[in-house]
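Here's a quick walk through one structure, taking in a chain-to-chain contact and a few helices. Have the model open as you read.

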Amino acid sequence: MTAVEAQHGSALRRVTALVLRHWYILRGSWLRIVELAYWPAVQMVMWGFLSQFLANQASYVAQAAGILIAGMLLWDVLVRGQLGLSISFLEEMWSRNLGHLFASPLRPIEFAAGIVTMSLIRTVVGMVPVTLLALAFFGFSIYSLGWPLVAFFFTLQMFGWGVGLAISGMVLRKGLGAETFAWAAVFILLPVSGVYYPISVLPGWLQTIAWALPPAYVFEGMRAVLANHAVRLELLAGALLLSMVYLAIGFGCFLWLFNGARRKGLLSTQGE
Amino acid sequence: MDAAIDVRHLRKEYGKVVAVDDLTFVVPRGAVLGLLGGNGAGKSTTISMLLGLLVPTSGEIRILGEDMLRHRFRVLPRMNLSSPYVDLPHRLTARQNLAVYGRLYGVADLPRRIDQLAEQLDLGEQLDRPFGHLSSGQKTRVTLAKALVNAPAVLLLDEPTASLDPDTADWVRAFLKNYQRDTGATILLASHNMPEVERLCDDVILMQTGKVFDRGAPADLIARFGRDTMEEVFLDMARGRQRSVEELRKVEAAQ
């Protein structure tokens, strides 16, 4: 046999290997690609028509066309961020592949970076067509938010990744019986995120909870841009800072639960 | 002795259950060691600990001179695993699976390496079919290709011929024998298939309820137990028909 030079490889190469693994699956099925845009498109159309109706009835909505559509689109950036990461993790569980992955030189942080990258790809693939649909159907361009959109997008993605990593750790530790959390967990945050209404309408104690989470800053910031054409930097800074904190906490939870799974021997036994 | 695998006083407890108890063994570089035992003997648990998939309760593991409990990432690029209990992604083709794992292991000139493995393992047309569409024998060959993609210095095989028909199992054993001879790789093989162990292993550890029951070359164990095959040795151990190891050693000394 010809000798094969097995190099130790860089962390980046291992991260791209994991991305490649999920990219092969995504590109191999048009149904999966359509699925990424399906729910965002359905919701966008529903909220778009509701906005058109309310624009003639309510001054709040009328003063800033597209405020509900923008809220819906950005909320879906958060949902897709969490779900995109969780699905990549669940793919490994469903295929009973974790034993091979973690017997390789792939480190947990590289694994996390790989599924985070894949989540970003899934979100872009799913959301960009929907933003174009919003433009075509209702003449609303999310891109009119300008540069703050980039900050809103990454803030919500980072928060979604943090939640997704913590949930992935829980699924690893508790098994696929906990899979439902991966699909539903982020929706518990919807009432306190201020997606469709200002945080000020919440009772005081819920406002405290809302301001401890990044989405409240993003959606208040989004309304400030659309309604008042004002970029509130303090909201952007708060959102970015909190998202980084939650991402670090999410990765810490994942690592803690991963190490617990290593002690209990779950890496080579988990699966359907 | 230049050890590829050096295990000292390895123990794994799950609550009150002791899965592996005070396991100590050394595998010289280039040797093939068999871990032989029934279900629940601790073979797969031992392999998982050697790969860092499972944290031992106590003990030491050194592989290729590195402390696996502290520096496993230094040595994992030079190891690999084949196990029927850990799967590869079904929706990816065999080639895609090998491409992903080749990158994870940092294999140079990967397309050439995949072609080389496809030829050696007779993957041919299977290379571009989804892994989930392959037969058990074809899956085993692809899993073996994945295990060899980085030309590992230490190869861990957990029941490599489980659920294969006799013809395919024989082919896999012949391949492994040739591979070890050609590359000088160190192989640790967990199995409860006696012909496999007799054919492939230089040395065998008999495990029972997580402990070492006896150790020796297959021919020595057969002679020590006064039997004709490893299967009979295994049955003696499993059914408690054996004389104690001390007694057997006395008999051996007398002979």
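This is a predicted model: local features need pLDDT of at least 70, side-chain atom pairs count only at pLDDT 80 or more; totals for chains, interfaces and linings use all residues.

Residues are numbered from 1 along each chain as its sequence is written, with chains lettered from A and ligands numbered from 1 in the order in which they are written.

Let's start where the chains meet. In chain A, 33 residues are in contact with 36 residues of chain B (C-beta atoms, placed from the backbone, within 7 Å). The elements of chain A giving two or more residues to that side are in the table.

| Helix of chain A | Residues |
|---|---|
| H1 | 11-27 |
| H5 | 98-102 |
| H11 | 233-264 |

H1(A) gives the largest share, eight residues.

Now for H4(A), residues 67-94. Its 28 residues should span 40 Å at 1.5 Å a residue, and the end C-alpha atoms agree with that at 39 Å apart (the expected span is 1.5 Å times one less than the number of residues). Of those 28 residues, 24 are buried, as in 20 or more other C-beta atoms within 10 Å of a residue's own, all placed from the backbone. Just after H4(A), Arg96(A) takes a positive phi of about 50 degrees.

Finally, H6(A) (108-138) packs against H7(A) (148-174) at an angle of about 130 degrees, axes 11 Å apart. In H6(A), Ala112(A), Val116(A), Ser119(A), Leu120(A) and Thr123(A) meet Gln157(A), Trp161(A), Gly164(A) and Leu165(A) in H7(A).

Technical notes
Two residues are in contact if their C-beta atoms, placed from the backbone, lie within 7 Å. Helices (H or I, at least four residues) and strands (E, at least two) are DSSP runs, numbered from the N terminus. A residue is buried if 20 or more other C-beta atoms lie within 10 Å of its own, exposed if 12 or fewer, and partly exposed in between; C-beta atoms are placed from the backbone. Axes are lines fitted to C-alpha atoms, for helices over the stretch in contact, and angles run from 0 to 180 degrees between N-to-C directions.
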